[in-house]
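Have a look at the model first, then read on.

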Amino acid sequence: ALVAIGLRLVVPERTSGATSAVDSVSLETVRYVLSELRRPEIVTVTAIQILTYCVWQAFTGFYPTYLIQIKGFSQGVATGLFSAFFAMGILVQPLTGRLYDRFGIRKSLPPVLGVVVVSLVVLPFLEGFWPIVVGTVFLSSILGYGTITLPYMTSAFPADMQGTGLGFLRTVYMTIGAVSPVLFGALADRDYFDEAYLVLAGFVAVATVLTWWLPALSEQ
C-alpha cells in the first residue's frame, strides 16, 4: 500500500509520448514493430537477456537443493544462505545501475558478468561454511545484470513503442528461461550437479562476449 501511494505521488500520469506504435492494429503497424525488433542492438541485447535469465532461473531454482545435497548443509543453513543471496541485491542492484548510468552497457556489463562466470566455475570446488558464504556473496552479482540490460533494452526502442517492445521481449525471454530449470534439474538427477553449474558459467561467458556487439545508444 505504501509503495502504491508513493508511485501515485511521484510517477507522472503519462511517461511516454502522445502517440503509440500500436494505436491501431494494421499490417503497417506489424511491419513497423517487426522492423524495430530486427535491429542488431535489439537482437543482441535480447540474446544476452535470454542467456542470463536462463542462468538466473536455473541457479535460483536449485541453489538451496545444491547446498543441502552436494555441500552437506542443513536445510536451515541453506535457507539462510539463499536469503543472504537475495539480500545482497540491496547493494548489488543500485551499484550496477550506477555503473550503467556512468559508463554505459559495454563497460559496465562485462565486469558484472565476469564475476558471475568466475563464481559459477569456482562454486563446485568450494568446501566449508565460510568459503560458501563468500561464494554466495559473489554469486549475488547475477542479481545486478537486469539493472543494466533492461534500461538499455527499453531505451533502444523508439519512444512510441518502448512499452510494446519491452513487453514483447520480456515475454520471449521469460518463456525461454522457464525451460532452463527443467534442463538443469535433468542434469542434477543424473549426478551432474557440479557440471551443470559449469554449463551455466558457459552461458554467461557467451553473454559477456556478445556485449562487444552492443553500440552505445548515443552512437545510434
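## What the record says

Let's start with the annotation. An unreviewed UniProt entry puts the feature "transmembrane region" at residues 42-63, 75-96, 108-126, 132-153, 165-184 and 196-214. Keep in mind that what you're looking at is a predicted model.

How do two of those stretches look in the model? Residues 132-153 come out as 73% helix and 0% strand, with 34 Å between the end C-alpha atoms. For residues 165-184 the figures are 90% helix and 0% strand, and the end C-alpha atoms there are 29 Å apart.

## H3 against H4

Two packed helices are described by the angle between their axes and the distance between the axes. Take helix H3 (residues 40-69) and helix H4 (residues 75-87): they pack at about 150 degrees, and their axes are 7 Å apart. Angles over 145 degrees count as roughly antiparallel, so H3 and H4 are roughly antiparallel to each other. Their crossing is right-handed.

Which residues make the contact? On the H3 side you'll find Trp56, Phe59, Thr60, Tyr63, Pro64, Leu67 and Ile68, while H4 brings Gln75, Ala78, Leu81, Phe82, Phe85 and Phe86. Sorted by class, this H3 and H4 contact has 11 nonpolar residues, two polar ones and no charged ones.

## H3 against H10

H3 also packs on helix H10 (residues 180-189), here at an angle of about 55 degrees with the axes 8 Å apart. That angle makes H3 oblique to H10. The crossing of H3 and H10 is right-handed.

From H3, the residues involved are Cys54, Gln57, Ala58 and Phe62, and they meet Ser180, Pro181, Phe184 and Gly185 of H10.

What is its phi? The value for Asp191 is near 65 degrees, which is positive even though the residue isn't glycine. For context, most residues other than glycine have a negative phi.

Is Asp191 buried or exposed? Its relative accessible area is 69%, and the cut-off for exposed is over 50%, so Asp191 counts as exposed.

Definitions and conventions: Residues numbered from 1 in each chain as written. Predicted model: local features only at pLDDT ≥ 70, side-chain atom pairs only at ≥ 80, totals over all residues. Heavy atoms only, no water. Axes fitted to C-alpha atoms, helices over the stretch in contact; angles between N-to-C directions. Helix = DSSP H or I, 4+ residues; strand = E, 2+ residues; numbered from the N terminus. Parallel < 35°, antiparallel > 145°, perpendicular 65-115°, else oblique. Left-handed = near helix turned anticlockwise from the far one by under 90°. Contact = heavy atoms within 4.5 Å. Nonpolar A, V, L, I, M, F, W, Y, C, P; charged D, E, K, R; others polar. UniProt positions renumbered as here; feature names shortened; annotations may be inferred. Buried < 20%, exposed > 50% of the residue type's maximum accessible area, 1.4 Å probe, protein only.
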